[in-house]
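Welcome! Here is a short briefing to read alongside the sequence and the 3D view, arranged by topic so that you can find your way around.

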Amino acid sequence: MNSRSNLKIYNTLTRKTELFEPIHPPFVGMYVCGPTVYSNVHLGNVRTFTSFDVIFRYLQHLGYKVRYVRNVTDAGHLESDADVGEDKIGKKARLEQLEPMEIVQRYTVDFRNVMALFNNLPPSIEPTATGHIIEQIEMTKQILNNGYAYESNGTIYFDVEKFAKEYPYTELSGRNLDELLNNTRDLGGQDDKKGRLDFALWIKAKPEHLMRWPSPWGEGFPGWHLECSAMSAKYLGNQFDIHGGGLDLVPTHHTNEIAQNIACHHEKPVNYWIHTNMLTVNGQKMSKSLGNSFLPHELITGSHPLLDRGYSPMTVRFFMLQAHYRSTLDFSNEALQAAEKGFQRLMNAVALLPKLQAGTQSTLKVADLEDSVYEALNDDFNTPIAIAALFEGVRMINTLNDGKASLIQEDLDKLKALFQAIVFDVLGLKEENQADNSKVDGLMQLILDQRAAAKARRDFASSDQIRDHLKAIGIEVKDGKEGSTYSFIN
Ligand code: AMP
Ligand code: ZN
């Protein structure tokens, strides 16, 4: 295990930042609630999954063997999280006159493409709700047997009031249970329920409901919260290390997941709960229903009224990582333009790294730089502070390239390895338009050769003209002992 692994994580359950101690090191089990595949993912969803991608990458970088499970909700998610309304996927299928599974396929493919576009790694397992109906029925049976659920007209409800007498039902959200219970007697249109907070484990299918399965209680389908309890326990065990999702999942979905797991297995399922904050637009959560969401391709092409122009996927990823995952991040054109410049500056420095030569002494402190990067990432995955430290490194690279500082081979290797590990492996950034870059490189070499030839024949007017012209279009030429190099000026 890497010696840098004094990782601390903010745990929603305890409201404290705690030292990360996995149950079975070096193995780590991590479950993240995935998308409901009834429409295209918007940029807010991308932010949440990108945050967990960096967490997954960093844990691996520290030497942990991570099993990362992220589900695909392809059944059971009703329009309201309180088990009412039409099934989201069923509704879309009805409107588009397609099979529900055609809807599921279309948006699962879209989701995976979007994840790849932003360079998010695939999880270790991507289980679906429809692929685990048997496990969900078994879990419902067990919760019924243990006395924490009841049947009402073919629907099985979780008995929150009974559970809450023995366990702290609202521990994760920190909400006041009495207030929640006593606020209203309204059953939210579900007259079959005993208590307002009760939620469905298994729902009886109405005649028009398309996605249905046989069960001991008649034909029906699983409640939304149940799939995550059943699948996390199946693949990670009754107790596992990390569970994540967006902050909006805390009060209902994750609260109910915990209740189900405890009612079934009599064990607290998760040691560290991690929640990501929202991407906002003018301070409001980006969401489909508010009409302020945009799709990844709209962002890239700039084809949305809120956008001045398009931005590349890595600019957007960099923009997201410049905020801590627990802070809200407000979208703006200005912030994206600043991120674009910052990302270019970082990549320009990375491109200079292979060209740097070692000297006879070190005039810069690479070890300090390394420490500050790891200190930031170990402090609850603080990517903005880590990126600020990397920019210290960018300054180092630029002064080394200017010949104003030097590093012995060992330090130079350390600097190169640090950038490789953090920029590419952990932050998951990558060079864009690699094919085009190589063409630009070839073209630039041709121009620099022409300039060198002009100089050799003492035609300084031409060589200066080439240099000044390049500078005017944002390309700086530097002359050194080994020949000339170029870099983009921001
Ligand atoms: P859904 O498909 O609606 O269940 O959402 C998938 C994930 O995206 C959940 O973890 C949500 O919490 C998260 N999410 C939804 N909207 C936003 C947003 N505006 N910013 C960040 N995460 C979001
Ligand atoms: Zn979930």
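Leu279 stands opposite Leu329, a residue of strand E15. Strand E13, residues 279–281, is joined to E15 by three bridges, and the two run parallel. Leu279 also turns up among the residues closest to ligand 1. Please keep in mind that this is a predicted model.

**The sheet around E13**

- Three strands make up this open sheet, in the order E14-E13-E15, and their pairing is mixed.
- Strand E14 (284–285) and strand E15 (329–331) have a single partner strand each and stand at the edges, so one side of each is left without a neighbour in the sheet.

**The ligand and its surroundings**

- Ligand 1 is surrounded by 17 residues, and the closest of them are Gly44, Thr48, Gly246, Leu279 and Met286.
- Which elements supply at least two residues each to this shell? They are helix H1 (43–61) and strand E11 (240–246).
- Of these, H1 gives the most, with four residues.
- By class, the shell has six nonpolar, eight polar and three charged residues.
- Why does ligand 1 lie between domain 1 and domain 2? The reason is that domain 1 (8–276) and domain 2 (279–426) both give residues to the shell, so the ligand lies between them.

**Domains**

- The domain assignment of the protein chain lists domain 1 (8–276), domain 2 (279–426) and domain 3 (437–488).
- Taken over C-alpha atoms, the centres of domain 2 and domain 3 are separated by 28 Å.

- Met30 stands opposite Ile242 of E11.

**A packed pair of helices**

- Helix H13 (residues 383–401) packs against helix H14 (residues 409–426) at an angle of about 145°, and their axes are 12 Å apart.
- The crossing of H13 past H14 is left-handed.
- On the H13 side the contact is made by Ala386, Leu390, Gly393 and Met396, while H14 brings in Leu415, Leu418, Phe419, Ile422 and Val423.
- How do the residues of this contact divide by class? Eight are nonpolar, one is polar and none is charged.

- Strand E1 (residues 8–11) and strand E2 (residues 16–19) run antiparallel and are joined by four bridges.
- Asn11 has Lys16 in E2 as its bridge partner.
- Four residues lie between the strands of this hairpin, and Arg15 takes a positive phi near 60° there.

**Backbone details worth a look**

- As background, most residues other than glycine have a negative phi, and most peptide bonds are trans.
- Asn153 is not a glycine, yet its phi is positive, at about 50°.
- Where is Asn153 found? Look in the loop between strand E7 (149–152) and strand E8 (155–158).
- Pro25 and Pro26 are joined by a cis peptide bond, with omega about 5°.
- Pro26 lies in the loop that runs between E2 and strand E3 (27–32).

Definitions and conventions. Residues numbered from 1 in each chain as written. Chains lettered and ligands numbered in written order. Predicted model: local features only at pLDDT ≥ 70, side-chain atom pairs only at ≥ 80, totals over all residues. Near = placed C-beta within 6 Å. Nonpolar A, V, L, I, M, F, W, Y, C, P; charged D, E, K, R; others polar. Domains from an automatic or database assignment. Axes fitted to C-alpha atoms, helices over the stretch in contact; angles between N-to-C directions. Left-handed = near helix turned anticlockwise from the far one by under 90°. Contact = placed C-beta atoms within 7 Å. Pairing = 2+ DSSP bridges.
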